[in-house]
Amino acid sequence: STSTEYLQDGPEAQRIASVIPYYPFHGVPRFYDISGMTQDPEAFQLCIDVFVKRYAGMDVDAIAGLDARGFVLGPPIALALKKPFI
């Protein structure tokens with residue numbers, strides 16, 4: 001439904017988090033490896049859907065990828081929103 005409200009700790013977030021392992025990384029307290037999500041197409045699509053829902057109603061000019069994760073998540077979000085990816 002288009003009225004879906006995604007909650008930070010809701011079932012969608014829990015489903016996505018279930019495939020993202022935590023790795024302590026050189027003093028970074030919350031480093032999570034998203035490769036678990038990219039290997040699970042259903043979780044990956046759900047993650048993209050959550051972002052698309054969040055930004056669909058905003059007047060966004062483009063989607064930018066600022067780091068490695070941005071280059072993984074940004075292009076499918078940009079395509080779904082029919083916005084350029086930079």
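Leaving aside its neighbours within four places in sequence, which residues is Leu 73 in contact with?

Modeller: This is a predicted model, in which local features need pLDDT of at least 70, side-chain atom pairs count only at pLDDT 80 or more, and totals for chains, interfaces and linings use all residues. Residues are numbered from 1 along each chain as its sequence is written, and side-chain values use heavy atoms, with hydrogens and water left out.

Apart from neighbours within four places in sequence, Leu 73 is in contact (heavy atoms within 4.5 Å) with Met 37, Phe 44, Cys 47, Ile 48 and Phe 51. Leu 73 is one of the residues of α4 that meet α3, together with Val 72, Pro 76, Ile 77, Ala 80 and Leu 81. On the side of α3, the residues are Phe 44, Cys 47, Ile 48, Phe 51, Val 52 and Tyr 55. By class, this contact has 12 nonpolar residues, no polar and no charged ones (Ala, Val, Leu, Ile, Met, Phe, Trp, Tyr, Cys and Pro count as nonpolar, Asp, Glu, Lys and Arg as charged, and the others, Gly among them, as polar).

Helix α3 covers residues 41–55, and α4 covers 68–81 (helices are DSSP runs of H or I, at least four residues, numbered from the N terminus). Their axes, lines fitted to C-alpha atoms over the stretch in contact, with angles from 0 to 180 degrees between N-to-C directions, lie 9 Å apart at an angle of about 55°. The two helices are therefore oblique to each other, as angles under 35 degrees count as roughly parallel, over 145 as roughly antiparallel, 65 to 115 as roughly perpendicular and the rest as oblique.
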